[in-house]
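Reader: Could you walk me through this one, a few elements at a time? I would like to see the structure first.

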Amino acid sequence: MAEQPIKAVRIELYAPVASFRDPMFPGTTRCLPVPPLSTVRGMLAAATGRPTEPVPLGMCAHADGGGIDAETYHPIAADGSNPAIAGRVSAGKGGMTLRERPFLVGVHLTVWIPLPDGDRIAAALRRPVWGLRLGRSQDLVHIRSITRVTLYPADTAVVGHAVAPLGGHDAPNATSLRLAETITTDRLRTRYGTFLWCLQAAGQHRVHGAYRDQDQAVWLHSPPEQTRLDDPELAHVLAKSSSGSGLGRPELLTQHSLSVREAARAVADRIGSPGVLASRPGFWSAVETAALLHDAGKVAEGFQRQLRTNGEVWGERHEVLSLAYVDLLTRDLPEPDRLLVATGVAFHHKPLVADGRYSLIEGYADIADWERKFGRDPDPSPGRPRIQVPLARHHALLRWLADNLQVTPPQEERKLWELARDTFARLCDHWLDPVPDEVGLIAVLLQGAVTLADHSGSAHVPLQSHMPLPRGFITRLVSAYPHQKQAAEVSGNLVLTAPTGSGKTEAGLAWASRQLDDMPAQPRLVWVLPYRASIDAARKRFRGVLEAPPGEKHPDIGVVHATAARTLLTEAVADDRSPGADDARKAHSRAGAMRLFAQRIRVTTPYQLLRAAIAGPRYSSVLLEQANALFVLDELHAYEPDTFGRLCAAMRMWQRLGSRVAVLSATLAPPMLDLIADTLGPSVRFCRAEPGTAPDRHRLVIDDQPITTPSSLDRIRGWLMDGHSVLVVANTVATAQRLFTELAPTARQACPGDPDAAILLHSRFRADDRARIEQRILARHPERKTGEIHRRGGLVVATQVLEVSLCLDFDRGASELAPIEALAQRAGRVNRRGRHPEGIVEFRIHPVEDPRPYDPGALDAAMFALHQVPGPIISEETIESWLKVAYETSWGLQWLAEARHHRDDFERDFLTFTDPFVDRSEFARRLDEAFDSTDVLLATDVEEYKRRAFRLDGHPLLAAGLLIPIRYTQLARLKADNAARLDRDLRLWVIDVPYDDKNGLTLPAGSGGRLADVIVDEVL
């Protein structure tokens, strides 16, 4: 019986007519009753456009009937004695003749392909590169269905018409068939196998080595490796063990090298040559060559033994030995291109220089014993090889690589270790000293391209080509606002200011759709939100309005969680290990890491994007993915001046990479607009919604009592008892929790029997719990429809997380004093489109006793502006006046100076690549500290996290639903109280703190209020 369940794709096909000639009977035209596996694999290769598809597959086939046709044959003599003229040869012996050709009618074929190959091939079948045929050109195939299934190990199952190996079952009506399994790409050699098949569908029987899909027996047939047909010396040279491979079986070095080269071509098709890459026409050719050669050093015997069960760690870097093959096989290239290839190979795992961590320069200095490392060890320890690369194996690999590069391998007397040493020395000479910034940037992009190709090829997860955002998106809006139409006409960078509820998101999508018309290759759309708590809501919104790929129900919209991304990328570039849990975990992480890159639309926060500046093996691929992309910065006003400035620096970098930027906000103060204009230059177009786009909706009341006082609470209770739906927004989680405790009983009393009468939302929930809470709020408090006059009732107490991406509508609102931009967003959730039957409704602002988490100057400026322009009616013009007044204060001038300072510092310190291969881990630490936030895991959730992260169909992006963000200062206090510990395996802090799914995480105040209630929903 098979060992464990596996995920697979079931593909049901139908061919009206097909004919499969039996090669076992030369000179006749006997027809096989089922297609050979080689024919099915050929059809799959036609779909994907690859030379071969050596994937494991299960097959079930039968035909409704058959017939005999007459075919004309035109055999051409090998000696040329009867040449074809106008497609015919002369009649006579050995000339044109008629023969009978049996054929099948109504061929039903079901194929099962395990993941991840199944998903890749299923996507290709929906949009095949070449026509789908079963053999002859007229034998067209129709796809009936593509379904994801789970195959379970079976000892009894319905055999039906399944193709089984000998001994696979004991059905008495089975016959044996000799079928071709694989054919070499030069078509000179064919590998055959013997299989069992039943003409009349067999019922349930005992089966061996089978799985079942529901009741149907499925045998997975793995092809003999192509290399084994070509060169026995490479037949057992592995790149991955079975546990470390994305295929779930050992992966040959040749197979892996081809997969990564194919992935590099896909990366090139996606990125193209935008921005700085336009100046290097040989860039992608170098990437492709580096992708083929990047793991050539795994040919070493030390590495091969490492991949064995309980294998001893080799201790050397395979990529350094790969440099010998770079030297041998790139001698026909110009020296700059040879340098690029060697760079891509050498640095796809480790930095050249690192402080306090392993680096290549440390392990391979001039004084290192290169011969012992990569050549001959005169005195090996027990179990270690004397010769690292046997001569016959080396020549076989050299021939194979040369054939694939279409070059002639040179005659070389020097040893491999000498070639590796000399090439590494040349790399050191070039990269140890500072280089011009653009040269370093191109080198980091090259590193990112090879690393991304390695991730994709190793995980066997393809980059998606389907773009869920259609061209001409603006035409899909039933009644577009003028500012949405303006956005759809802009080609280039955009800054759009439009009030809450006026369709900014749709305007951003319309802008992005327009850019697809004149950008090269396959641009990605990256939607950037200030709060982690809002990205899941944005993803759900996009899934509802954008296009799914053919055959799917919903578009695939990526969500990038910073902590999960950091874990995945760290694991994905780790070394290959001996078979076991660690190696399987790395393979799992590679597949998970591809979820950071595969989709063409992603929702994220700035943290992950800014970490691209760290570069190196982990993040250079993130930087590469920022080339030829579209960035929509939604609600840019929400950031503090340091993050705002860093994002401006990133905008400049994105321009250098050929990308485009749109900034969307309801409230952008004049200094913000000035800084964006200074950053992007004349390439940016500013658009503003017309006056009156949003009706007057709110009447401002400035209260003189904090929101937590009895009088303030009684007023809110009165609103609730009157049947109003009420939004209360606090500045801190602790205050929100306190208000919820006070007000929830009244809300439940006013709405008896309503489970959602009172809801609390803040950032200190598990991500999964927070997503469920958001859905409850959206269902309970949607936008009011025209003509809707009843009072809805209900209470939502929230923090800043409510300010972005949630389309909500309340009857009344109360908020603590906050910066003007935040107040405008909070008010925008009350009487959202001005459809309340009372017309203008009350929005009340309360003073705060403690300004935290905001800058006191920001709150003073806000209160000054509110009193200078008191309204009381809050119009869009009122909000603009508030912003102008607030940012003309000394605080506002200081805000602009700080933002400009952080932009320039981040550009100088992080986005300059004069030392591209010096480890930037210190940069990562400084960036983490700048954002002052980390994710933690409840002690009670550790086992569930492991299950989600490391089960067969899981990965850390799924497990991220259990994480909770807190500040580093709070984590420090928890550590001091022995309430937090570092789980080194998970790379997460685990905390033992009270939590429930209604109130979220409750952090202890500690002595002297050291934790206090200073947490704010993280802007990341």
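**Helices and a sheet**

Author: Happy to, starting with helix 11, where Arg393, His394, Ala396, Leu397, Leu398, Trp400, Leu401, Ala402 and Leu405 are buried (under 20% relative accessible area with a 1.4 Å probe, protein chains only; exposed is over 50%, partly exposed in between). This is a predicted model, in which local features need pLDDT of at least 70 and side-chain atom pairs 80 or more, while totals for chains, interfaces and linings use all residues. Residues are numbered from 1 along each chain as its sequence is written, and side-chain values use heavy atoms, without hydrogens and water.

Reader: Which helices are included in what covers the buried residues of helix 11?

Author: Covering means contact here, with heavy atoms within 4.5 Å. Helices are DSSP runs of H or I with at least four residues, strands are runs of E with at least two, and both are numbered from the N terminus. The cover includes helix 4 (253-271), helix 5 (283-293), helix 6 (301-306), helix 7 (318-329) and helix 12 (416-431).

Reader: How far does helix 11 reach from its first C-alpha to its last?

Author: Helix 11 runs over residues 391-405, with 15 residues. The expected span is 1.5 Å times one less than the number of residues, which gives 21 Å for this helix. Its reach is close to that, at 21 Å.

Reader: Which strands stand at the edges of the open sheet?

Author: The sheet has seven strands in the order 14-15-13-16-17-12-18, with parallel pairing. Two strands pair if DSSP finds at least two bridges between them. Each edge strand has a single partner, so one side of each is left without a neighbour in the sheet; they are strand 14 (558-559) and strand 18 (684-688).

Reader: What angle does the direction of helix 22 make with that of strand 18?

Author: Helix 22 (residues 670-680) packs on the sheet, touching strand 12 (493-497), strand 17 (660-665) and strand 18. Axes are lines fitted to C-alpha atoms, for helices over the stretch in contact, and angles run from 0 to 180 degrees between N-to-C directions. The angle is about 155°.

Reader: How are helix 21 and helix 29 oriented to each other?

Author: The axes of helix 21 (residues 641-656) and helix 29 (residues 890-909) come within 7 Å and cross at roughly 45°. Angles under 35 degrees count as roughly parallel, over 145 as roughly antiparallel, 65 to 115 as roughly perpendicular and the rest as oblique. Helix 21 and helix 29 are therefore oblique.
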